[in-house]
Structures are given as C-alpha cells and as structure tokens.
Amino acid sequence: MSLELIAQNKSFGGWHKQYSHVAETTQCKMRFAIFLPPQAATDKVPVLYWLSGLTCTDENFMQKAGAQKMAAELGIAIVAPDTSPRGDEGCDVHGNAIANDENYDLGQGAGFYLNATQSPWAPHYNMYDYIVQELPKLIEANFPVSDKKAISGHSMGGHGALTIGLKNPNSYRSVSAFSPIVNPLDCPWGQKAFSAYLGNNKADWLDYDACALMQKSQENQHLEILIDQGLGDNFLAEQLKTDNLKKVVAEVDYPATIRMQEGYDHSYYFIASFIEEHLAFHAKHLTA
C-alpha cells in the first residue's frame, strides 16, 4: 500500500509527517499525521492513536495540543487520522458539511468511528475498521513502531477511543479521553448520526455506546481509562452525559478515573492543559 508524503516538519528532535493513501476500508483516499519521536531513529517505539472530534481533521491535534515535546521525551509516536472519509476524484463519499452548517454533525468530518450499514453511507463510512484494523497495519509496516498501542481522543473522538478500547481490550494498553460523548444513544449528536449510519434499530447502536459496552464488560478484560471533562463545557449536559458513565463505572467497578475540571471548556485550550498528564498515563502502560 503506497503512502504519499504531503508535508513534514522537524519538532523536538523528532518528525511530524502528514501522509495520504488509498484505504480499502473506506474505498477512497485517506489522510493521517504521525509524530515520530527522536527515539524512533534507532528503536521501535509504541504508538498513541489520537481520534479527533466533529469537524476536525488530522491537523487539529498536531497543531493545537502541544503534545510533541512530552511525546519526544517519553519516546511515544502519535498517529492522528482524519475524522471521516473525504472522497477524492471518482469517489463521492456523500455529505459535505462544514463547521457552520446545520449538518456539521453528519457526513464529512463526522464519521463517529463506526461501520455504517445504511445507504448512502455504507460504502465509505467504515471508520471503525479503518482505525482498528487497516491503519495500525499500515503504520506498523511502514514506520519504526512496535505493536504496543494506546488510544485517546476528544469529543466524538473520545467516544471513538472509549468504544474502540472497550471492544478491543487485548489490542490497546490504555485508553483516555477529553470531553467524550459517552452515551450517544441518549444525546442529539449520537441519535442523529446513529439513525443515519446504522438505521432505526437501536439494538444495533449498543455496539458503539461506551455506557452500554462498559456495562457488559468482563472484569478480566478491563483497561485502565483516564477521562478529563471540563465543567465549563457548553456541551456537557445535553451531548456528553458524563454523569451517565460515572454511574456505570460505579456499578461495574471499572478502573476508570473521571476528573471533572473546574472552568475548562470544550476547546483545545483544555486539551493542551492536560495532554502531558495523559501522555504520561499512557507511557506507564506502553512501557510496562
């Protein structure tokens, strides 16, 4: 599978690189960014996969989170994929929402890290398979990384990180999230996306709901989870539903730490404030 280098920048002794490639799972060209720490020049390093939120691309985290310095010190690579298929010549992926459009939460930029089953989304909106299967194989085949993986994300990407980690506990060493959508069955963003991508049978939605997945998780498959949620987040009550997950964590005694941070909002100012703590959390598990 050929990779096309789009851009590269040296950063804290390592390299930030941006690539595109034709993906089998989404049947179109995809883009991702990777930060390779200086240790990757001589050794294989573990990988943190970062999943971004609604309307974002691979660039948001790499340019705004300020993660490269700590990642370079810890010797962790970071891979940031796009949030959905975007299409290319001869590939119409449907949905062309932009941030200020009323449909910003569906279609391009809003893949929700699931495998769509409904028309017209099903051929291309297979972000779950892309993140879980295709992208790690591509990264491990083309870059000096090991098979040790962790996963994190923000908002819709936090939803993706939690659900992917909960569904694949043997594939990831740890999971973290900022401002995640934890109960999409019970919020407008999730209900709109799941109805379109998965259809109206809500039983099918349970496979992509962190609260539902955690409720039925087996104790011997529990992963360490760290979640930060800002109390000044405008989306907290209606969309994110953090209290719903806190109840499940208590019910099943899941090893998840949920920190409610006074005054912080939904922005990358929040992420930048705590990203180094999340990287240190993952490093503890990735280097064990």
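## A buried asparagine

A residue is called buried when its relative accessible area is under 20%. Keep in mind that this model is predicted. Asparagine 183 has a relative accessibility of 12%, so it counts as buried. To find asparagine 183, look in the loop that runs between β7 (175-178) and α5 (188-198).

Which side chains make polar contacts with the side chain of asparagine 183? One is the side chain of aspartate 209, at 2.8 Å. Another is the side chain of asparagine 244, also listed at 2.8 Å. If you set aside neighbours within four places in sequence, the residues in contact with asparagine 183 are Asp209, Cys211, Leu240, Lys241 and Asn244.

## A covered helix

Next, turn to helix α4. Of its 12 residues, 11 are buried, so the helix is mostly covered. Among the buried ones are Met156, His159, Leu162, Ile164 and Leu166, along with several glycines, including Gly157 and Gly160.

## Aromatic pairs

The whole structure holds 16 aromatic pairs. One of them joins tyrosine 19 and phenylalanine 32, which are stacked at 5.7 Å centre to centre with 25 degrees between the planes. Tyrosine 19 belongs to strand β2 (residues 14-23) and phenylalanine 32 to strand β3 (residues 28-36), so this pair ties together parts that are 13 residues apart in sequence. Tyrosine 19 counts as buried because its relative accessibility is 10%. Phenylalanine 32 counts as buried too, at 0%.

Tryptophan 50 and phenylalanine 178 make a tilted pair, with 6.0 Å centre to centre and 55 degrees between the planes. This pair links distant parts of the chain: tryptophan 50 is in strand β4 (residues 45-51) and phenylalanine 178 is in strand β7, 128 residues apart. Both tryptophan 50 and phenylalanine 178 are buried. They also belong to a cluster linked by ring pairs, made up of Trp50, Phe61, Phe178, Tyr264, Phe270 and Phe274.

## Lysines over rings

Two lysines are worth a look before you close the viewer. Lysine 17 has its charged end over the ring of tryptophan 15, 5.9 Å from the ring centre. Lysine 149 places its charged end over the ring of tyrosine 172, 5.5 Å from the centre of that ring.

Methods: Residues numbered from 1 in each chain as written. Predicted model: local features only at pLDDT ≥ 70, side-chain atom pairs only at ≥ 80, totals over all residues. Heavy atoms only, no water. Buried < 20%, exposed > 50% of the residue type's maximum accessible area, 1.4 Å probe, protein only. Helix = DSSP H or I, 4+ residues; strand = E, 2+ residues; numbered from the N terminus. Polar contact = N/O pair within 3.5 Å; in protein donor to acceptor, adjacent residues only side chain to side chain. Contact = heavy atoms within 4.5 Å. Phe/Tyr/Trp six-rings, centres within 6.5 Å; stacked < 30°, edge-to-face > 60°. Lys NZ or Arg CZ within 6 Å of the ring centre and 35° of its normal.
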